[in-house]
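Here is my note for you to read alongside the sequence and the model. Take the points in order, and keep the 3D view open as you go.

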Number of protein chains: 2
Amino acid sequence: MIRSLPPKVSAAQFERALAAWRSIVGEPQVVSSADALAAYLDPFAPGEREAFSASAALMPGSVDEIRAILRIANQFRIPLWTVSTGRNFAYGGAAPRLTGSVVLDLHRMNRILEVNETMGYALVEPGVSYFDLYAYLREKGYRLWVDPPAAGWGSVVGNTLERGFGYTDYGDHAAAQCGMEVVLANGDVLRTGMGGIEIGTAWQLYQPGYGPSFDAMFMQSNYGIVTKLGIWLMPAPPAYLLGEIQFRHEADLETIVEILRPLRLDETIRNHAVIEGGLRRAAGLSARAQWYDGPGAMPESAVAAMLDKLDVGRWNLHFALYGTPELIDARYALVQRAFARVPQARLSARRYAGDAQPTAGGDRNLAGIPAMTAFRMLDWRGGAGAHVDFAPVCPATGRDALRQYTMVKTRAAEYGFDYYGGFTAGARHLHHIFAAIFDRDDANQVEQAGALVRSLISDARAAGYGEYRTHLAYMDFAAAQYSFNDGALLRLSETIKDALDPNGILAPGKQGIWPAAWRDRRGYT
Amino acid sequence: MIRSLPPKVSAAQFERALAAWRSIVGEPQVVSSADALAAYLDPFAPGEREAFSASAALMPGSVDEIRAILRIANQFRIPLWTVSTGRNFAYGGAAPRLTGSVVLDLHRMNRILEVNETMGYALVEPGVSYFDLYAYLREKGYRLWVDPPAAGWGSVVGNTLERGFGYTDYGDHAAAQCGMEVVLANGDVLRTGMGGIEIGTAWQLYQPGYGPSFDAMFMQSNYGIVTKLGIWLMPAPPAYLLGEIQFRHEADLETIVEILRPLRLDETIRNHAVIEGGLRRAAGLSARAQWYDGPGAMPESAVAAMLDKLDVGRWNLHFALYGTPELIDARYALVQRAFARVPQARLSARRYAGDAQPTAGGDRNLAGIPAMTAFRMLDWRGGAGAHVDFAPVCPATGRDALRQYTMVKTRAAEYGFDYYGGFTAGARHLHHIFAAIFDRDDANQVEQAGALVRSLISDARAAGYGEYRTHLAYMDFAAAQYSFNDGALLRLSETIKDALDPNGILAPGKQGIWPAAWRDRRGYT
């Protein structure tokens, strides 16, 4: 790999900047060798890995060091790309959108600054993973749960800022966020919401504060560097029930969504229930080669045989009920009654005491325990497993879900990919997540995976759907779909960007937002 | 009253601007006579009513008219003050922060653009009141509830943008908002969140969209004119229970909050339960003069006698449980058990079928029916009743609640005011609302009410508390309390303000945010 430079910066200038940064964070905290920088490439790149590569990485240990780093970046106009722990796999990992950017790697800032058991929150730095926070809560004996995302090694701050989601009643991570500390491009440090009251205690208790609320503006954006973040934690329930309903027919998806939505709306089911496709469920139990070894997507007959053999549904609804045993019983009765009308649906459930732990990884997530079982998907197809995700927002109607599913499955098959996906249920929307799984050592698969996601974004837009999150490679393309009034929303985003970051040093191109200095780099390739 | 001019604008220039506006909206939709403009003065001003007065008012009927109005405002640099219906009583009504601003009165834009019963939302224009929306839902037979604020005549858009709150499970109005259309100062029209997908149907279903989310930034601010707003509506429940618990002792407040918080956190109680002070409860049943006619605040003995006679608690907790009868029973049992430990607490409850309507106004609010009974408070003290509110955010702990209560009650008594207030319960915070009730024809009372609120803001800050919302007169003062890092949050607010509104034409001074052109008008008086 050839060591890259930041764009528009000479080698000599860059050396001066690196020297200045070394004096700020210390020699060992500046990564500048090509070998070491390989760690910041996207391990799951749906294309050339070097298309998004860093020129250096900095690992500050404090807010003051970040502020000093920003001064140098402003001086030399060198773009920075902030990551918390860099685990944003399938969306780019730790790699920057603009090649040559310097990664600002915050994993060393990993303090759990506060946990308040009475009020149910934590205040954490970017380097704190879900595993870390979970271990800390258990160690201290706090009766609080985390809501883990699919991969427990991810950063709480990073996942929340990208609007990740989990499995429990606190599954909407952005909605459970309360209070931030942010460093702006000019080095100014602010605290959102009630954080402005210096001796106050409500920073993690009331989200908006007084006047405009900016927290949601610092998510999926490049307006500042979030150095502290408050997150609400669910009080450990006295008991819980984990339920699974297996559905036999592909077309059941429509009915499932129509039954589930009212149960989510009336809060009978309050967790982020997941409607998991059969193939994804099967991937936790077996490898693809057991069932099919030919070219292209698995044929229907192979899928059907696999599901039969593994005793897995075509769709599998996972839900959880937390609370007192009496309330769980009453709510479970409503769930049973509601789904009883689906032919051949098979419901199973298991009750747990509040401190009991399920053994299976997926169930552990529903019990607030971080896991890495989702990564089993990497073994599904064999070879050097990787995936890139297509993640459209789906209205919570059976018609929309079936339409998105059919659209994705059909297009995926054209490109030689299985439908590996599912729907996670908010109250009024579903997060539809489809993963194109590929062998990263197979150049053709890599290329096809990338091309497929691009096609899907177009398909979705034509049908009236937009993405909630994308890989680096599609950030501009996805943003362009939000085209009301000739892209007025993006115009607003970039007006604010230029006001807050006139030199364009913070994460140019993130989610399609380019500062004036780099606006010519926007591109859909 | 003397007709005022916009600041820094000559009479001749103003006439030209008015002429241009008349040609846009039509002669009858421009209010410029001193008599007619009196309607835009603050009816509850805690000081001189003319301190916040408009030079004209414009009543556009469409987004296009608003855009044309903005062109003229930019040309002449005339500040506009947007109101939806102007019912922001106790916080300024329809009056502008900067005297001489032109009120942009959107009450004529009053279409209910969409109601979706299946998905549970409405899309409305600023002129739609809670009464309007409620009537529409009933007329069409939609099985959806509104969540009314204290005064049902208020605008859905206006109340939501000011982060008002109500009584049901959807009591946090800002949290139930989904999707906006906004006109920026430069006339650009954007749609937030999924509204960027033009043929999409998820605008009112998924809040954040792709990239930064701006909705919360357009609340309590002056960054744009919101012309459409999506609001989630609660599905009509099959049944509900309205409960009241009367508590005998002042110090019970601490215990109430400590018992209520876990019930809110574990969602046994999901509505915005209200801990109403005895005096406020009594005001719904009687007039002050029946109990006390002397100078200053009501003495303790008179309060005690009144509460005894009226059979009202010193604190009165109002809560609601919505759902199936079985779930209501199970949750009610938990509530009963939890509060059983408070000596002399008296619990009463009434069950309703889903379509049954309570008769008392306060109970009607809890059943999703807008009312105006809160205005009974205006008769409490006699004369021309008015009030100004002190509204600090309170951490949901017994200690904080009792501390705020004691602080406010003591200071209020010094200024000759009764403690007329209560606490509305979020999960981790309480909205503490204290109303200084005064006779607006009594100059001394008016002055004392204003001085009291100013003192309370100082008291609160010294104790670590900040306001969630304030009257025009205290917007700068309240903003100044959020002083972390020398007011970094307000610096961010004003940086964005200048980027979006370089001529400073939109609501200068709102929530303490001043555009560059008018920054010298900031003042704490």
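**Notes on the two chains**

1. Let's begin with a cysteine. The sulfur of Cys178(A) lies 15 Å from the closest cysteine sulfur, that of Cys394(B), which is too far for a bond. Cys178(A) is also buried, at 0% relative accessible area (buried means under 20%, exposed over 50%, and partly exposed in between, with a 1.4 Å probe and protein chains only). Cys394(A) has a sulfur 15 Å from its closest cysteine sulfur, in Cys178(B), again too far for a bond, and Cys394(A) is buried with a relative accessible area of 0%. How many disulfides are there over all chains? The search of the whole structure finds 0, a disulfide being a pair of cysteine sulfur atoms within 2.5 Å.

2. A word on how to read this. This is a predicted model, where local features need pLDDT of at least 70, side-chain atom pairs count only at pLDDT 80 or more, and totals for chains, interfaces and linings use all residues. Residues are numbered from 1 along each chain as its sequence is written, chains are lettered from A and ligands numbered from 1 in the order in which they are written, and side-chain values use heavy atoms, leaving out hydrogens and water.

3. Now look where the chains meet. On the chain B side, 91 residues are in contact with 90 residues of chain A (contact means heavy atoms within 4.5 Å). The two chains bury about 7,100 Å² between them, with 66% of it on carbon and sulfur atoms; buried area is the accessible area (1.4 Å probe) that two parts lose on being put together, summed over both. In chain B, Tyr210(B), Arg428(B) and Phe484(B) lose the most area to chain A, together 14% of what that side buries.

4. What holds polar partners across this interface? The rule finds 33 residue pairs in polar contact there, both at pLDDT 80 or more (a pair of N or O atoms within 3.5 Å; within protein, one must be able to donate a hydrogen and the other to accept it, and residues adjacent in sequence count only if both atoms are side-chain atoms). Helix 14 of chain B gives the most to the side that touches chain A, with 11 residues (helices, H or I, of at least four residues and strands, E, of at least two are DSSP runs, numbered from the N terminus).

5. Side chains of opposite charge can pair when their charged atoms come close. Across the interface there are 6 salt bridges (a side-chain nitrogen of Lys or Arg within 4 Å of a carboxyl oxygen of Asp or Glu). One of them joins Arg491(A) and Asp188(B), at 2.8 Å from N to O. Over all chains the count comes to 55.

6. Arg261(B) is buried at 6% relative accessibility, whereas Glu258(B) is partly exposed at 29%.

7. Finally, visit Asp400(B), placed in helix 11 (residues 398–414) of chain B. Is Asp400(B) buried or exposed? Asp400(B) is buried, with a relative accessible area of 6%. Its side chain makes a polar contact with the side chain of Thr397(B) at 2.7 Å. Not counting residues up to four places away in sequence, Asp400(B) touches Thr201(A), Cys394(B), Pro395(B) and Tyr465(B).
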